[in-house]
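Please look at the sequence and the structure shown below before reading on.

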Amino acid sequence: MMLRALIVDDEEPGRVNLRYALADHPRWQVAGECASVAAAQAVIATQDVDVVFLDIQMPGDSGLVLARALAGLANPPLVIFVTAHNAFALDAFEVHALDYLLKPVHDARLATALARAEAMLELRQRPAYGAALRAWVDASDAPPGTPGRYWQQVSVRSVGRIECIRLADVDWIETCGNYVSLHLATRSVMHRLPLSRLLAHLDPARFLRVHRGAVVRTSQAANLDVVGDGAWRLTLRSGAHLAVSERYVEALRAAMREC
């Protein structure tokens, strides 16, 4: 089955380079090339498009305008962002399991993005993808300094699938190298994102670091006990026990008093 891609970039060299790169992938067909969001919306309204390669920074309407419109669809095309954005923006894509290519686009990275898109389309993941895209758009729309700037969910990507995990359902988070383990009431989910990067997106009024390798949702903290000289243990409402570093004890006590 041929997969149809739409390239949206206001710069012609970027569109041409991507078109030539896609020509090396037999399953992919370029359905159109657009220099503006308005032109892209016209194509999407009249043609079936599987994937949109979307530049974020464009004059006039930015790529975010098109992403916002696509996020409102029940069965949106997948979006692969083509961007020169800073590291914080790339973190946002990763938290929500959205794929992106950095300019200039490298062949190996493009092949990886195409393989992910193919797997998701084969497993009919467009509705799940839509939920991840909407979460990213909602966070991007929130004014700086408001609670909406913090993530309300993370979208965990496995082979060809996306699962949206609400952070309100996460009891605690544990570091596992370049991954984190999200501990829910009945199971744990691995997410490929270092804890240090995830922390920047967590609401400090709801989540608190208690150890170098652990973060707890403060409403889940039940009891804090001394278990040795300078050693502390936190018991969660779920019954789980976490070691607490002495440097975080006072902040944890204050958070527990407020809960």
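## Asp99 and its partner

Asp99 has 7% relative accessibility and therefore counts as buried (buried means under 20% relative accessible area, exposed over 50%, and partly exposed in between, with a 1.4 Å probe and protein chains only). The side chain of Asp99 meets that of Arg116 in a salt bridge, at 3.3 Å from N to O; such a bridge is a side-chain nitrogen of Lys or Arg within 4 Å of a carboxyl oxygen of Asp or Glu. Asp99 belongs to strand 5 and Arg116 to helix 5, so the pair ties together parts that are 17 residues apart in sequence. Helices (H or I, at least four residues) and strands (E, at least two) are DSSP runs, numbered from the N terminus. Arg116 counts as partly exposed, because its relative accessibility is 32%.

## Basis of the model

The model is predicted: local features need pLDDT of at least 70, side-chain atom pairs count only at pLDDT 80 or more, and totals for chains, interfaces and linings use all residues. Residues are numbered from 1 along each chain as its sequence is written, and side-chain values use heavy atoms, with hydrogens and water left out.

## Further salt bridges

How many salt bridges does the structure hold? The structure holds 12 salt bridges. One of them joins the side chains of Asp9 and Lys103, at 3.2 Å from N to O. Asp9 lies in the loop between strand 1 (3-8) and helix 1, and Lys103 in the loop between strand 5 (99-102) and helix 5 (107-122), so this pair ties together parts that are 94 residues apart in sequence. Asp9 is buried at 4% relative accessibility, whereas Lys103 is partly exposed at 31%.

Another salt bridge links the side chains of Arg27 and Glu118, at 3.6 Å from N to O. Because Arg27 lies in the loop between helix 1 and strand 2 (28-34) and Glu118 in helix 5, the pair ties together parts that are 91 residues apart in sequence. Arg27 is partly exposed, with 28% relative accessibility, and Glu118 is buried, with 19%.

## A buried arginine

Arg15 is located in helix 1 (residues 12-22). Arg15 is buried yet has no salt bridge. Which side chain of opposite charge is nearest to Arg15? It is Glu33, 4.0 Å away; Lys and Arg count as positive and Asp and Glu as negative, while His and the chain ends are not counted. Apart from neighbours within four places in sequence, Arg15 is in contact with Ile7, Asp9, Asp10, Glu33, Cys34 and Ala35, where contact means heavy atoms within 4.5 Å.

## Arg68 in helix 3

Arg68 has its place in helix 3 (residues 63-71). With 33% relative accessibility, Arg68 counts as partly exposed. Leaving out neighbours within four places in sequence, Arg68 contacts Val137 and Asp141.

## Charges over rings

The charged end of Arg19 sits over the ring of Tyr20, 5.5 Å from its centre. Arg109 lies over the face of Tyr100, also 5.5 Å from the ring centre. A charge sits over a ring if NZ of Lys or CZ of Arg is within 6 Å of the ring centre and within 35 degrees of the ring normal.
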